[in-house]
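Please look at the sequence and the three-dimensional view before reading on.

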Amino acid sequence: MKIAVFVKQIPDPSGAGALDPATHRLKRAGVEVVLDPGDAYGVEAGLQLADSTGGEVVAISMGGERAVDVIRKAMAMGAGSGLHLCDERLAGADALTTARVLAAGVAHTGAEMVVACTESTDGYTGVVPAAVAELLGWPSLTFAKQLELNGRTARIQRQTPAGHDLVEAELPCVVTVTGGINEPRYPTLKGIMGSKAKPLETLDLAALGLDPGRAEEEIGHQRVVAVEAAPQRQAGRVVEDDGSAAQLIADYLAELKVI
Amino acid sequence: MAKIWVFAEMVGDQVSQISLEILTGARELGGELEAVVLDPQARSATAVLGEYGATTIYLGSDSQYRDHVAQPHATAVAALISAYHPDLLLFGATYEGRDICGRLSAQLGLTVVANVTALNHSDDGFTAASSIFGATQNVTTLVQGPTPCILVRPKSFTAQSSGGGAPRVVEVALPPGSPLGARRIESVVAPVSGPKLEDARVVVSGGRGLQEPANFHLVEEVAELLHGAVGASRAVVDAGWVAYSRQVGQTGKTVKPDVYLACGISGAMQHTVGMKGAAHIVAINKDRDAPIFKLSDLGIVGDALKVLPALSAELRARGVT
Ligand SMILES: Cc1cc2nc3c(=O)[nH]c(=O)nc-3n(C[C@H](O)[C@H](O)[C@H](O)COP(=O)(O)OP(=O)(O)OC[C@H]3O[C@@H](n4cnc5c(N)ncnc54)[C@H](O)[C@@H]3O)c2cc1C
C-alpha cells in the first residue's frame with residue numbers, strides 16, 4: 001500500500017514571523033525555513049503504518065523551489081519517494097487551491113491513504129486535509145491522537161474538547177494527526193545519504209490537470225487589505241521572590257476580590 | 001439585505017457557547033441573520049438561537065449527524081447554500097467546524113478564512129480580522145466570491161441575547177444517497193472536577209518548570225483553593241503529565257478568566273495566544289527574562305516548587321477553603 005504524507009516548508013516557527021509589506025504574504029526570502037514541526041508527526045505516523053503493512057511512503061509538498069528540502073528530509077526519515085507540486089502561479093495560494101493541488105498530487109501517486117498534520121504552523125487555516133478528502137471523495141479521520149489500521153479499516157481516537165471519540169473508516173481515507181501522537185524519528189546519516197538517490201518528481205498545474213485560470217480566480221476571493229500591530233499588554237511589576245511571594249500573590253488576589 | 005448564516009453546534013441538548021458568541025458578533029454586521037443546526041437534538045436549540053438573533057433556522061435532526069463526522073453535514077449545508085445563497089457563512093473554529101467547513105469549501109469552491117477574531121464590512125464586501133504570529137499582528141482580509149466561509153476563534157465575542165422571538169424553522173432532510181464517511185463508534189469523556197477551563201474565573205496553569213509530573217498537584221491544589229480550573233502548557237500535555245483537554249494555547253483552549261496564574265511556563269507565543277485575553281495575569285518563573293513576564297501584571301521571579309505550596313498555605317491562613 002502506498003501512503004502519502006504531506007510536508008510543508010515554513011519559516012522557522014521559533015523565529016519571529018514577518019510579512020512582506022508589499023504582498024502581505026509570509027516572508028520566506030532570507031528567512032530560515034524548516035520542515036513544519038507538525039508534519040514530522042504525520043511523516044512518522046505514515047512510516048509506522050508502512051512498516052507494519054509492508055507499504056511505502058510518498059512525501060508530497062506544494063511549495064516553491066526550496067520546498068524540495070523538506071521532501072528530502074521526509075525521504076531521509078524513510079519516505080521512499082517524493083512529489084513536489086510547484087508552480088509560480090501558486091504563490092499566495094489559499095486553502096482551497098492548496099487542497100486542489102494536493103488532492104491532484106495524491107491522485108497522481110495512486111496512494112490509498114493520506115497522513116497529514118492537523119494544521120500548518122505558519123498559515124494555520126486547518127481545513128486543507130478535510131478539503132483534500134472531499135475532493136478525493138474519501139472519508140477523513142481527523143485530529144487523531146491514536147491511529148491503528150486493521151486490514152482495510154483505519155480507527156482513531158479523535159480528540160474532542162471533553163476527551164476523545166472512537167472514529168473509523170475504510171481505506172482509502174485521509175488521516176490527520178495531532179502533535180504528540182508519536183515520537184518522530186530523526187534522519188540518520190545513512191538516511192540522509194540515501195535520500196539523495198530516491199526518486200523525486202516535480203509537477204506544475206498543467207501537469208496536474210488543474211486550470212490555472214480557476215486557481216487565480218479562487219485565490220482572488222480573499223485579499224489582505226490591512227496589517228497592523230495588535231495592541232500588546234504592558235508588563236507589570238516583576239518581583240524577586242525573597243520568601244514573601246506567596247503573600248504578594250494573595251494580596252493581589254484579594255485586591256481583585258478573587259479571595 | 002445581506003444574508004448571514006451561522007453554523008450552530010450543539011453540546012448535548014444545548015447550543016454551544018461559541019455558536020452564541022458568533023451569533024452575537026454577527027448581529028453587529030446588520031443584515032438578515034439565520035442559523036443552520038444539524039444534530040439529533042437540534043429541535044431543542046431553536047428557541048435559544050432565536051433569542052440570540054437568528055430569524056430563520058434550517059434544522060436537520062437526522063441521527064447520521066451524530067453517528068458520522070462532518071461528511072453528511074457538509075453535504076446538507078452545500079445543498080442549503082445552493083438553494084438559498086447566503087452572503088457569508090460563519091463557523092466556530094472547532095473540530096467539527098473546521099472539518100465541515102473544509103469539506104464544504106471543496107464541494108462548492110468557497111473561500112475560507114480561519115482564526116478570525118473580528119468581523120466587519122466594507123463597500124467591497126465582508127472583512128475578517130485574524131491575529132497572526134501569536135496575536136502580535138492583526139490582518140484584515142476582504143472576502144469575495146460565492147458564500148465566503150469564516151472560522152471564528154472562541155471568545156472573540158461575548159455572547160449576549162438580543163431578546164429575539166421564536167424563529168421560523170425550515171426542516172431540511174439529508175439529501176438521499178449522501179456519502180456518510182467516517183463512523184463515530186463511541187464518545188469517551190475524560191472525568192474532570194471543578195469548573196470548566198473555558199468558563200472558569202480563575203485558571204492556574206503549570207508548565208515544564210514544575211520539573212516532574214508528581215509536582216503538578218501543587219498547581220491543582222492552588223486551583224482548587226481558588227475554585228479555579230487547571231490549565232497546562234503543551235510541553236507537559238505532550239509529555240503526558242495532564243490530559244490534552246487542559247492545554248491552553250494555539251492548539252489548545254482559549255481562556256479569558258479574571259485571573260490567569262502561569263507557573264513554570266515560559267510564555268511561548270503559541271501558549272500566550274490562548275491566555276493573553278485574561279483580565280489579570282500572574283506569573284511565577286525562575287528566569288527573570290522569561291517572555292511570560294512581558295505580559296503579566298504581577299511577575300514573581302522564583303521557584304514555583306516553593307512559591308506554590310507557600311501560596312496554598314497563605315490562602316488557607318487567610319481562611320480560604
Ligand atoms: C504548532 C505549534 C503549536 C503549539 N501549540 C501550543 C499550545 O497550544 N499551547 C502551548 O502551551 N504550547 C504550544 N506550543 C508549544 C510552545 O511553543 C512551547 O514549546 C510550550 O508552550 C512550552 O511549554 P512550557 O512553557 O511549559 O515549557 P518551557 O518553554 O520549557 O518553559 C519552562 C519554563 O519554566 C521555567 N522554570 C524552570 N524551572 C522552574 C521552577 N522551578 N520554577 C519556576 N519556573 C521554572 C523556565 O525558566 C521556563 O521559562 C506549540 C508549538 C507549536 C510548534
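A:Phe143 is buried, with a relative accessible area of 4%. The model is a predicted one, and all values in this report are computed from it.

A:Phe143 belongs to strand S7 of chain A. The phi angle of A:Phe143 is near 55°, a positive value in a residue other than glycine. Most residues other than glycine have a negative phi, and most peptide bonds are trans.

B:His85 sits in the loop between H4 and strand S6 (88-92) of chain B. Is B:His85 buried or exposed? With a relative accessible area of 55%, B:His85 is exposed, because the cut-off for that class is over 50%.

The peptide bond between A:Leu171 and A:Pro172 is cis, with omega about 0°. A:Pro172 is placed in the loop between strand S9 (163-170) and strand S10 (173-177) of chain A.

**Aromatic pairs**

A pair of aromatic rings is described by the distance of the centres and the angle of the planes. Over all chains, the count comes to five aromatic pairs. Two of these pairs are described here.

A:Phe143 and B:Tyr95 form an edge-to-face pair, with 4.6 Å from centre to centre and 70° between the planes. Why does this pair join two chains? A:Phe143 lies in strand S7 (residues 140-150) of chain A, whereas B:Tyr95 lies in helix H5 (residues 95-108) of chain B, so the contact crosses from one chain to the other. Both A:Phe143 and B:Tyr95 are buried.

B:Tyr58 and B:Tyr84 form a tilted pair, with 4.8 Å from centre to centre and 45° between the planes. This pair links distant parts of the chain, for B:Tyr58 is in strand S5 (residues 56-60) of chain B and B:Tyr84 is in helix H4 (residues 71-84) of chain B, 26 residues apart. B:Tyr58 is buried, with a relative accessible area of 1%, while B:Tyr84 is partly exposed, with a relative accessible area of 31%. Together with B:Trp5, the residues B:Tyr58 and B:Tyr84 form one aromatic cluster.

Which strand of chain A is largely enclosed by the rest of the structure? Strand S4 (residues 56-62) of chain A is, because six of its seven residues are buried. S4(A) is joined by five bridges to strand S1 (residues 2-6) of chain A, and these strands run parallel. Within this pairing, A:Ile3 has A:Val57 in S4(A) as its bridge partner. Five bridges also join S4(A) to strand S5 (residues 81-85) of chain A, again in parallel. Here the bridge partner of A:Met62 is A:Leu85 in S5(A).

In a regular strand the side chains alternate between the two faces of the sheet.

Helix H3 (residues 95-109) of chain A contains A:Val101. A:Val101 is buried, with a relative accessible area of 1%. The C-alpha atoms of A:Val101 and A:Leu203 are separated by 9.9 Å, although these residues are 102 residues apart along the chain.

**The ligand site**

Residues from chains A and B surround the ligand, so the site is shared between chains. There are 26 residues around the ligand, and those that come nearest are B:Ser233, B:Val248, B:Thr251, B:Ser266 and B:Gln270. The shell consists of five nonpolar, 16 polar and five charged residues. Two helices of chain B, H7 (234-238) and H8 (269-272), each supply at least two residues of this shell.

Methods
Residues numbered from 1 in each chain as written. Chains lettered and ligands numbered in written order. Predicted model: local features only at pLDDT ≥ 70, side-chain atom pairs only at ≥ 80, totals over all residues. Heavy atoms only, no water. Near = heavy atom within 4 Å. Helix = DSSP H or I, 4+ residues; strand = E, 2+ residues; numbered from the N terminus. Nonpolar A, V, L, I, M, F, W, Y, C, P; charged D, E, K, R; others polar. Phe/Tyr/Trp six-rings, centres within 6.5 Å; stacked < 30°, edge-to-face > 60°. Buried < 20%, exposed > 50% of the residue type's maximum accessible area, 1.4 Å probe, protein only. Pairing = 2+ DSSP bridges.
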